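Here's a protein to explore together. Take a look at the sequence and the fold before reading on.

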Amino acid sequence: DTYKGWLFKWTNYLKGYQRRWFVLSNGLLSYYRTQAEMAHTCRGTINLSTAHIDTEDSCNIVLSNGGRTYHLKANSEVERQRWVTALELAKAKAIRMRNNQSDDSGDEEPASQSDKSELHGPLKTLSSKLEDLSTCNELIAKHGAALQRSLSELENLRLPADSGEKIKAVNERATLFRITSNAMINACRDFLDLAESHSRKWQRLLQHEREQRIRLEETIEQLAKQHNSLERACRGAPAAARDVSVPAGSAQSAKGEASDEDEETEYFDAMEDAPAFITVTADPKHHRRSGSNLSGASEGHPEDWNLEDSVFESSNQSSYNESMGKDLLPRKRRRSRIPDKPNYSLNLWSIMKNCIGKELSKIPMPVNFNEPLSMLQRLTEDLEYHELLDKAVKCESSTEQMCFVAAFSVSSYSTTVHRTAKPFNPLLGETYELDRLEELGFRSLCEQVSHHPPAAAHHVYSRRGWTLWQDITISSKFRGKYLSIMPLGAIHLEFHSSGNHYVWRKVTSTVHNIIVGKLWIDQSGEIEIVNHKSKDKCQLKFTPYSYFSRDVPRKVTGVVSDADGQAHYVMSGTWDEKMECSKIVHSSHGSTSTEGKQKTVYQTLSPKVLWRKYPLPENAENMYFFSELALTLNEPEERVAPTDSRLRPDQRLMESGRWDEANVEKQRLEEKQRAVRRRREAEAVEALEEGKDYEGYIPLWFERKVDAITGELICVYKGGYWEAKDKQDWSVCPDIF
């Protein structure tokens, strides 16, 4: 029933075959890195009942089940044969168990595979005996009818000469009837003996199942009670659970008795090279002043963290959006799904092996690696949680406002957690608009202003009181095992009423398991957000994933401080789920770290959720894991510019599931763009020979200027697009599609 041993398993092209511990039990083959891992971590399991077992050579075994395939290698041919025999036997047993499962068992199903096998074996034997009885019954009926006919003929005999033959025939029929009856009686005796011998075992099995069910019900009841108690504890102390311990005695009051405040006090380590936050929330009853607002939060007074009038509270209330949307029109009904992604296979290694070390934008890629959105549309996805900036407008304190800006900067990565596909590289001069001025209060415009290196300019205006612009260049390198995507360029955000001007840069995105394995994406690095008017700062650290780390995956931490360096808020959360903000009420120096640095401990009030990710739409896994906003970005719209990404034919064909046609169209567009570039290069050479200046490509709706804050040459919106749209005058737009 169980077979264990070491086998070599193929992992990837870089590591080849690796030694793994395999366990065959109950029709399942599982493997572990070490024998010790059997207690806690299974690396993979394959069901043999539906698996195909194949042998390539003297030592190799190939197991395949649907989309999962194991390439295994034994130390010797003898060892390989032992495993193959064990696997074949386990597969046959698993198939029998699957085919003989009874639907009449009701709720009392065996709890384990071993119990099932013990029950299904006797059931199969009994079934075979019943078939024997049925066969005997048919024979008895047949021979009985023949005997009746013979007896009737014997009675009608008149000639004594025929009596001998007829009597002989009657005797033969009687003999056959007797033999058949004896066989039936023996089969019945065997059936009864078998039923009696197994009745006690069945009773034990059923009793065991009843006991298991009772224990399971009791366990579920206990878990439900624990869940309720944890919910009550969380409501009393929302951030009481953190994965770092509090020093002994820190939860004791001056009189030696535990107080409510000390039990809920939250501590954070100061933001340094590797910040570690320790939190126990302070009781808001002791830090609350009725009727106050948050205007003085930057001064660090705990009584200003008011629970009713705070802008932070509005981040979880629909009334805020209702009040902000009174002057806006009802939202237009937009599409909520796109055609499902086709299941096309592709040999990734054959394409990638010659591309190591090259710039990603220079590698010819089929649409199989893409998603049906352009990079301009992906930039526009940063506005998914634009309401964070709408709420930031209402903040009276610049440090409060910084918290919302920080949450907004993190929220732009939430859509990338499952989005491992590559967006389309925009053509030079390609644009994308998202006009939601009447519905959501903002309108956005992107333009591809450079092709080598690829660069896009983005400008967003909101009638709710803010403007955002960025000039982003994407630098990406394929390293064989992973792909690094490094956005270069600053993001600017300015609030109209206060004049606060925030600047920050994006972190590095890394796509892992490019060649072999399941693709997954991670964000790592640091973001420094600076308010160039008040000099407030926020340092955010995106912790890279580590297999050996105890931290929560995709963790983001940070501290908001003023111009004097005094910390006011602690930011914590994950870039794929939510961000919280905690107001600092007291800071003190803690213990010295192993690196010799003295950490600062922050005592904070209860954290408030500033941002939480929206759930993905239904069937998102078959629609490229697009969010609700992403599903609408490529929706056809009228009156857009002829250079708009929605009109790009290869992207539209891919979205429709016609990938072969999309690949042909993609090659045509890229070749057309190369021809334009060659013509432009020839014009530059000709101008140089004539001693003239050649300006090169001039953006349509943006102009190049030196940024007064960063000193970089960036493209900023010069106006004219929305006026051209109103007039439907697109005469300046080139023919790029």
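How many aromatic pairs does the structure hold? The structure holds 17 of them, where rings of Phe, Tyr and Trp (its six-membered ring) pair if their centres lie within 6.5 Å. One of these pairs is Trp-10 with Tyr-17, which is edge-to-face, with 5.4 Å centre to centre and 70° between the planes. As for the names, planes under 30 degrees apart count as stacked, over 60 as edge-to-face and the rest as tilted. Ring pairs also link Trp-701, Tyr-721, Trp-722 and Trp-730 into a cluster.

A word on the model itself: it is predicted, so local features need pLDDT of at least 70 and side-chain atom pairs count only at pLDDT 80 or more, while totals for chains, interfaces and linings use all residues. Residues are numbered from 1 along each chain as its sequence is written, and side-chain values use heavy atoms, leaving out hydrogens and water.

**The whole protein**

The protein has 14 helices and 27 strands; these are DSSP runs numbered from the N terminus (helices are H or I with at least four residues, strands are E with at least two). Of its 737 residues, 45% count as buried. Buried means under 20% relative accessible area, exposed means over 50%, and partly exposed is in between (1.4 Å probe, protein chains only). The accessible surface comes to about 39200 Å², and 49% of that belongs to carbon and sulfur atoms; such areas come from the Shrake-Rupley method with a 1.4 Å probe, and for residues only the protein chains shown count as cover.

Now for contacts, meaning heavy atoms within 4.5 Å. Among contacts with a separation of 6 or more, 57% are between residues 24 or more positions apart.

**A helix and a strand**

Helix H1 covers residues 77–99, which is 23 residues. From first C-alpha to last, H1 reaches 33 Å, close to the 33 Å expected at 1.5 Å a residue (the expected span is 1.5 Å times one less than the number of residues). Buried residues in H1 include Trp-83, Leu-87 and Met-97.

Over in strand E15 (residues 482–488) you'll find Ser-484. Is Ser-484 buried or exposed? Ser-484 counts as buried because its relative accessibility is 10%. Leaving aside neighbours within four places in sequence, Ser-484 is in contact with Ser-475, Ser-476, Lys-477, Ser-509 and Thr-510.

**Loops and the tail**

Phe-548 sits in the loop between strand E20 (537–542) and strand E21 (555–561), and at 74% relative accessibility it counts as exposed. Arg-554 lies in the loop between E20 and E21 too, and has a positive phi of about 65° although it is not a glycine.

Gln-728, in the segment after H14, has a positive phi as well, near 55°, and is a residue other than glycine. Pro-734 lies in the segment after helix H14 (721–727). Pro-734 and Glu-430 are 304 residues apart in sequence, yet 9.0 Å apart in space, C-alpha to C-alpha. Not counting residues up to four places away in sequence, Pro-734 touches Thr-643 and Leu-700.

Here are some partly exposed residues to look up:

| Residue | Relative accessible area |
|---|---|
| Trp-10 | 29% |
| Tyr-17 | 28% |
| Arg-554 | 29% |
| Gln-728 | 34% |
| Pro-734 | 33% |
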